[in-house]
Amino acid sequence: TASAQQEIKAASKAAFPAARQGPTDVTLGDQATLKLPQTMFFVPRPQADRLMQAYGNGKDPSLLGVVMPKSDDEDWVVTVNFDKAGYIKDDDARNWNVSELLDSLREGTEASNEERKKRGFPELTVGGWVEAPKYDSNTQRLVWSVAAKHKDAAAEEDATVNYNTYALGRDGYITLDLITEKNKVPMDKAAVLALLDNLHYVEGKRSADFDASSDKVAEYGLAALVAGVAAKKLGLFAVIAAFLAKLAKAGILAAAALGGGLWKRLKGKKATG
């Protein structure tokens, strides 16, 4: 609709001047610091919230901001969230069954299709792993990715992918989730993995600082971050993709990631104006 398109333009215009340009250190609440490279910029929470909602997402209280590339040749976005779930026990990662996790993710996605139908968005279907879950117990980092498509999508249509990375801490976990197209994952995942390497919890908030006598333990373990909690999130990001696809086809936005085409025009104006 015209009003939705206007809100996207307004949200993008508000986001641009608020963006922090790399190289810089971005403080993530009272939890961590993210070293942002020269090639990226960070849109902080209020403006990022508005952007995400303009693209059809519900309000997400855990969103801290979004990271985007400065280059016109790249079209991806990384959402940065902190979920204060408590300390996540990682014992179940030792013997999890990745095919069972995939089944759970599919079931969760089916269940959340009801909500998508109510909101007028297409239903989703989950394909296979783009990257099966990998957990590093030394660094408390989890990485996994799955492909999702609309149920009525053409077979040749490139699936939208969330490439999900998690850094576990004392009070919960920070997620850096890359949203891109499936065929671009091999190239684009380097950006989010570099960010993950440059994310450091502050003293007192690391996993190693956990105090079993006083700290809150999360109600779910590591497997739920893949199977249960994720199914809901997957739907939200696919909603962005669906919305963008419609706009791109209408010639309003040329890109498939958070208004890349619009960002290019804004950057152009800023450089010449």
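Author: Residues are numbered from 1 along each chain as its sequence is written. In this predicted model local features need pLDDT of at least 70, side-chain atom pairs count only at pLDDT 80 or more, totals for chains, interfaces and linings use all residues, and side-chain values use heavy atoms, with hydrogens and water left out.

Reader: What is the mean pLDDT of the chain?
Author: The mean is 79, and 79% of the residues reach 70 or more; pLDDT is the predictor's confidence in each residue, from 0 to 100.

Reader: Where does pLDDT stay under 50?
Author: Over residues 235-273, for which the model has 86 contacts beyond four places in sequence, a contact being heavy atoms within 4.5 Å. Where pLDDT is low, the predicted coordinates should not be read in detail.

Reader: What makes up the secondary structure of the chain?
Author: Seven helices and eleven strands. Both are DSSP runs numbered from the N terminus, helices being H or I with at least four residues and strands E with at least two.

Reader: How do you know that the span of α3 agrees with its number of residues?
Author: The expected span is 1.5 Å times one less than the number of residues. Helix α3 has 21 residues (98-118) and should therefore span 30 Å; its end C-alpha atoms are 31 Å apart, which agrees.

Reader: Where is the kink in α3 centred?
Author: On S112, with a value of about 30 degrees. The bend at a residue is the angle between axes fitted to the seven residues ending there and the seven starting there. S112 is also among the buried residues of α3, which include L101, L105 and R116. After α3 comes G120, with a positive phi near 80 degrees.

Reader: Why is E131 called buried?
Author: Buried means under 20% relative accessible area, exposed over 50%, and partly exposed in between (1.4 Å probe, protein chains only). E131, in strand β7 (residues 124-136), has 11% relative accessibility, so E131 counts as buried. Of the 273 residues of the chain, 49% count as buried.

Reader: What makes the pair E131 and Y163 a polar contact?
Author: A polar contact is a pair of N or O atoms within 3.5 Å; within protein, one must be able to donate a hydrogen and the other to accept it, and residues adjacent in sequence count only if both atoms are side-chain atoms. The side chains of E131 and Y163 are joined by such a contact at 3.0 Å. Not counting residues up to four places away in sequence, E131 also touches V143, W144, S145 and K189.

Reader: Why is A132 called partly exposed?
Author: Its relative accessible area is 29%, so A132 is partly exposed. A132 is found in strand β7 and touches V98, V143 and W144, leaving out residues up to four places away in sequence.

Reader: Which peptide bond is cis, with omega near 5 degrees?
Author: The bond from G22 to P23. P23 lies in the loop between β1 (20-21) and β2 (24-28). In strand β2 is T24, whose side chain makes a polar contact of 2.9 Å with the side chain of R20. The C-alpha atoms of T24 and L36 are 5.3 Å apart, although twelve residues separate them along the chain.
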